[in-house]
Amino acid sequence: MTWQAVLNPIMNKPHIKKLLNNVDYLYNQEIIYPSKNDLFKAFEITPYERLKIVILGQDPYHDKDQAMGLAFSVPKDVKIPPSLKNIYKELQDDLAIKTPNHGDLTSWAKEGVLLLNTTFTVQAHQPLSHKDLGWEDFTNDVIKSLNDYPEPLVFMLWGNHAKSKQSLIKNTKHLVLTASHPSPLGAYRSFFGCQHFSKANDYLVKHGRKPVDFKL
């Protein structure tokens with residue numbers, strides 16, 4: 001199986017075609033992040049056959065030069081956003097991994113961590129501006145297809161938008177972990193101390209899979 005085999009049937013559904021046409025139109029009307037070229041970058045960087053963990057967030061960063069098509073990740077020369085700082089704090093508390101000096105999570109993606117948002121686009125400086133375009137349906141279909149993934153996966157659902165997908169993951173061989181969003185507004189609720197990184201690797205090892213190297 002490949003991402004192409006997974007995504008083609010989804011993208012050919014009439015309502016998803018309508019969504020993508022609408023997004024295409026909006027790219028010509030507004031400033032939208034991430035760039036059109038980076039829209040499906042998560043699927044391009046994370047090989048389907050190496051998939052181990054799915055981290056699900058909310059929507060892309062909405063300021064210039066931040067969003068790069070991988071949830072929570074920013075290019076190396078961009079200041080680390082508050083949500084990612086909190087992710088790094090939890091990573092250090094959980095796995096004693098020293099906080100990196102950049103916010104590029106590409107190495108996680110290559111390791112098999114699919115970094116998805118529930119909504120794939122956002123209008124500049126307007127968080128959640130595209131939440132009603134239909135991206136939720138697209139994300140739902142992706143998660144439903146991953147429910148049938150042949151190997152055990154770990155789903156990390158961060159924030160209410162992500163947690164709403166929990167009912168779609170019915171296959172008992174997968175592990176579902178939930179926490180509040182790592183943003184400064186919500187991290188203290190249940191993100192700090194969630195130990196998702198160690199729990200995920202313990203689960204992978206227990207099921208004969210190689211753990212993810214979260215060092216950046």
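**Figure 1. Asp132, at 67% relative accessibility, counts as exposed, and its side chain meets that of Lys131 in a salt bridge (3.4 Å, N to O).** Here, exposed stands for over 50% relative accessible area, buried for under 20%, and partly exposed for anything in between, with a 1.4 Å probe and protein chains only. A salt bridge is a side-chain nitrogen of Lys or Arg within 4 Å of a carboxyl oxygen of Asp or Glu. Lys131 is partly exposed, with a relative accessible area of 34%. The model is predicted, so to speak of a local feature takes a pLDDT of at least 70 and to count a side-chain atom pair takes pLDDT 80 or more, while totals for chains, interfaces and linings use all residues. Residues are numbered from 1 along each chain as its sequence is written, and side-chain values use heavy atoms, with hydrogens and water left out.

**Figure 2. Lys64 and Asp65 join their side chains in a salt bridge (3.5 Å, N to O).** Lys64 is exposed, with a relative accessible area of 60%. Asp65 is partly exposed, at 48% relative accessible area. By the rule given above, the count comes to 6 salt bridges.

Figure 3. Helices (H or I, at least four residues) and strands (E, at least two) are DSSP runs, numbered from the N terminus. The side chains of Asp93 and Lys89 meet in a salt bridge (3.3 Å, N to O). Asp93 is exposed, with a relative accessible area of 53%, whereas Lys89 is partly exposed at 40%.

**Figure 4. Four strands make an open sheet: 4 strands in the order E3-E2-E5-E6, with parallel pairing.** Two strands are taken as paired if DSSP finds at least two bridges between them. Strand E3 (113–117) and strand E6 (175–179) stand at the edges with a single partner strand each, so one side of each has no neighbour in the sheet. Neighbouring strands of this sheet are turned by 15 degrees against each other on average, direction ignored. Axes are lines fitted to C-alpha atoms, for helices over the stretch in contact, and angles run from 0 to 180 degrees between N-to-C directions.

**Figure 5. Strand E5 (residues 154–158) and E6 pair in the parallel sense over 5 bridges.** Met156 stands opposite Leu177 in E6, and Trp158 has Ala179 of E6 as its bridge partner. E2 and E5 also pair in the parallel sense, over 4 bridges, and Ile55 has Met156 in E5 as its bridge partner. Of the 5 residues of E5, 5 are buried, so this strand is largely enclosed by the rest of the structure. Val154, Met156 and Trp158 point one way from E5, and Phe155 and Leu157 the other way. In a regular strand the side chains alternate between the two faces of the sheet.

Figure 6. The bridge partner of Val54 in E3 is Leu114. From E3, Val113, Leu115 and Asn117 point one way and Leu114 and Leu116 the other way, and all are buried. With 5 of the 5 residues of E3 buried, this strand is largely enclosed by the rest of the structure.

**Figure 7. The axes of helix H4 (residues 82–95) and H9 come within 8 Å and cross at roughly 55 degrees.** That angle makes H4 oblique to H9: angles under 35 degrees count as roughly parallel, over 145 as roughly antiparallel, 65 to 115 as roughly perpendicular and the rest as oblique. In the contact (heavy atoms within 4.5 Å), Ile87, Glu90, Leu91, Asp94 and Leu95 in H4 meet His196, Phe197 and Ser198 in H9. The residues of this contact divide into 4 nonpolar, 2 polar and 2 charged. Ala, Val, Leu, Ile, Met, Phe, Trp, Tyr, Cys and Pro count as nonpolar, Asp, Glu, Lys and Arg as charged, and the others, Gly among them, as polar.

**Figure 8. Pro211 lies in the segment after H9.** Pro211 counts as partly exposed at 34% relative accessibility. Leaving aside its neighbours within four places in sequence, Pro211 is in contact with Lys52, Glu111, Asn201, Leu204 and Val205. Pro211 and Tyr149 are 62 residues apart in sequence and 17 Å apart in space, C-alpha to C-alpha.
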